[in-house]
Amino acid sequence: MKKEVKDTIIVELGEKLKEYPHFYLVDIAGLNAEATSNLRRKCFKNEIKLVVVKNTLLHKAFEASDVDFGPLYDTLKGNTAVMFCQTANVPAKLLKEYEKDGVPTLKAAYAEEGFFVGAEKLEELASLKSKNEVIAEIVSLLQSPAKNVVSALQSGANTIHGVLKTLGERPE
């Protein structure tokens, strides 16, 4: 491969690192062509960009980045594919579907501005909540007290109305 092509690939990887806030490094070496194609389809459907890369070029893209990706350098061995995504837990959930097959396997991930190294981190990554999930949870927690107050006022209004009606109907 010519140096110009390598430089172009490094720049493209650097742009993807800036564009996508989360990425997973996975080993897809044991997949045949059909299984790889199915994985690519699932990635596309889940808005994950799957790119097979050369380790040295990805290492150079990491070095050129503003973020220090040092903890990931040791995982750049063997076959490496990168799953770029906007939501941190989506690739982990997809990889969990393949967990019984053993391929693809998680090498490492950069999600929510943290490093997760090793296949044993898959469960932890899958349980991460996306920004939208956290916002929805906070909104429901904020709405809960208001709903309780409204329902108490509504039930109290019926009770007060009943008491007043009874007092009004009582002979003096």
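Helix H2 covers residues 33-45, and its 13 residues reach 18 Å from the first C-alpha to the last, close to the 18 Å expected at 1.5 Å a residue. Keep in mind that this is a predicted model. Let's start with that helix, then turn to the cores and the cysteines.

**Helix H2, side by side**

- On the buried side of H2 you'll find Thr36, Leu39 and Cys43. Looking down the helix axis, these buried residues fall within an arc of 60 degrees, so they line one face of H2.
- As a bit of background, an α-helix has 3.6 residues a turn, so residues three or four places apart point the same way.
- What do the buried residues of H2 pack against? Their partners are strand E2 (49-53), strand E3 (80-85) and helix H4 (90-97).

- At the start of the helix, Asn32 has a side-chain oxygen within 3.3 Å of the backbone nitrogen of Glu34.
- Just after H2 comes Glu47, which takes a positive phi of about 60 degrees.

**Nonpolar cores**

- In soluble globular proteins, nonpolar side chains tend to be buried together.
- The largest nonpolar core here has 23 residues, and the ones touching the most other members are Tyr24, Val26, Leu39, Met83, Leu106 and Leu125.
- Which elements each supply at least two residues of this core? They are strand E1 (22-27), H2, E3, H4, strand E4 (105-111) and helix H5 (122-126).
- Take Val26 as an example: leaving aside residues up to four places away in sequence, Val26 touches Asn79, Thr80, Ala81, Met83, Leu95, Thr105, Leu106 and Lys107.

**Cysteines without a bond**

- How many disulfides does the structure hold? The count is zero.
- Cys43, back on the buried side of H2, is in no disulfide, and the nearest cysteine sulfur to its own belongs to Cys85, 9.6 Å away.

Methods: Residues are numbered from 1 along each chain as its sequence is written. This is a predicted model: local features need pLDDT of at least 70, side-chain atom pairs count only at pLDDT 80 or more; totals for chains, interfaces and linings use all residues. Side-chain values use heavy atoms; hydrogens and water are left out. A disulfide is a pair of cysteine sulfur atoms within 2.5 Å. Helices (H or I, at least four residues) and strands (E, at least two) are DSSP runs, numbered from the N terminus. The expected span of a helix is 1.5 Å times one less than its number of residues. Buried means under 20% relative accessible area, exposed over 50%, partly exposed in between (1.4 Å probe, protein chains only). The arc is that of the directions from the helix axis to the C-beta atoms. Contact means heavy atoms within 4.5 Å. A polar contact is a pair of N or O atoms within 3.5 Å; within protein, one must be able to donate a hydrogen and the other to accept it, and residues adjacent in sequence count only if both atoms are side-chain atoms. A nonpolar core is a set of buried Ala, Val, Leu, Ile, Met, Phe, Trp, Tyr and Cys residues joined through side-chain atoms within 4.5 Å.
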